[in-house]
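These are my notebook entries on a single protein chain. I set down what I looked up, topic by topic.

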Amino acid sequence: MTGRTLRLSRLRRGVSEGRGGRPVEARGGRARRRGTQPKVVALGGGMGLSASLAALRRITGDLTAVVTVADDGGSSGRLRDELGVLPPGDLRKALAALCGDDDWGQTWARVIQHRFQTQGDLHGHAVGNLLIVALWEQLGDHVQALDLVGRLLGAHGRVLPMSAVPLELQALVKGHDPERPEEVGTVRGQATVALTPGEVQSVHLVPHDPPAVPEAVDAVLDADWVVLGPGSWFSSVMPHLLVPELLDALLETRARRILSLNLAPQPGETDGFSPQRHLEVLGRHAPKLALDVVLADQDAVPDRALLTEAAERFGAAVELAPVARTDGTPRHDPELLAAAYDRIFRMHGRIGPWR
């Protein structure tokens, strides 16, 4: 038994025995505390994860975001280079998405998202990035600091980094140099990968075997539902499948798994991708991963039969629903997306004591 397998085994025992002596009940072969809401874990980064969190916080109070930490651009990249810390930007965006709709929540969401506009070194830095990094330095603990920021904001959920070490995203890209359209080379850095004019073949992380944050692994193992996507496919969604302990947890968990597809291809990263091609990429990076539901906007799927065929390879059903904003922009509507998630939880999940 490997060290990683042994750790997962211990975490599974902790889940089934109940933490802190709280009562549990067996349901469908797994343990659950009485009277709780569905435990939902959302994986991703950037605006895609924010959209999912803004929807999920409307239907459950037991929500954990597990966020990629490979960003190397903007304020996050500067702080990472100067201080050697995790890039805080995607963590900040997730915390802002979990803020409530009341005055307190919306005020704090605006504050932590505020960027300084100056002629000096503070230009472009987000307030939330500086706050998170300051607490990391004060407390010396990534998880404790993020939990503290969450309490300050009144966040409706928890935010965790997927790894405790800064990661570099690298991609094999065909035609990154437009003058050599057939050449396949390595492109380094999340910001560069996201904007490449070439065709991304695959991605990997440096270091290749990064440690997962234990609380993130624990959350996946203890979940009722795990939601992967939407978001930048190669730079925000795929990285979670490249952290070995996190992938093991995704394979081992008894949670139901939803893959939430994007509303449109992303220029550069997934330009020209069909909905089913997103699944093909997922399968190449995690061939053993099973899914229960693939969620897509009903107007973003030109051929449902092809998507259904691709989903069936993962053991998943396809659910189409109106989840896009009505203003014509490729953005999810939080209320519509919440309604879609809620319907999926009820139709495809084991009806739990929260219903």
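**Entry 1, strand pairing.** I began with Val-40, which stands opposite Trp-225 in E9. Strand E3 (residues 40-44) and E9 pair in the parallel sense over four bridges; two strands pair if DSSP finds at least two bridges between them. I then looked up E9 and strand E10 (residues 256-260), which also pair in the parallel sense over four bridges. There, the bridge partner of Trp-225 is Arg-256 in E10. I take helices (H or I, at least four residues) and strands (E, at least two) as DSSP runs, numbered from the N terminus.

The model is predicted: local features need pLDDT of at least 70, side-chain atom pairs count only at pLDDT 80 or more, and totals for chains, interfaces and linings use all residues. Residues are numbered from 1 along each chain as its sequence is written, and side-chain values use heavy atoms, with hydrogens and water left out. I noted a mean pLDDT (the predictor's confidence in each residue, from 0 to 100) of 87 for the protein chain, with 88% of its residues at 70 or more. Over residues 5-35 the pLDDT is below 50, and this stretch has 65 contacts in the model beyond near neighbours in sequence; contact means heavy atoms within 4.5 Å. Residues 351-355 also have pLDDT below 50, with 17 such contacts.

Buried means under 20% relative accessible area, exposed over 50%, and partly exposed in between (1.4 Å probe, protein chains only). Helix H9 (residues 214-221) is mostly covered, with six of its eight residues buried. Among them are Ala-216, Asp-218 and Leu-221.

I located Ser-52 in helix H2. Is Ser-52 buried or exposed? Ser-52 is buried, because its relative accessible area is 1%. Leaving out residues up to four places away in sequence, I found that Ser-52 touches Val-227, Gly-229, Pro-230, Leu-337 and Tyr-341.
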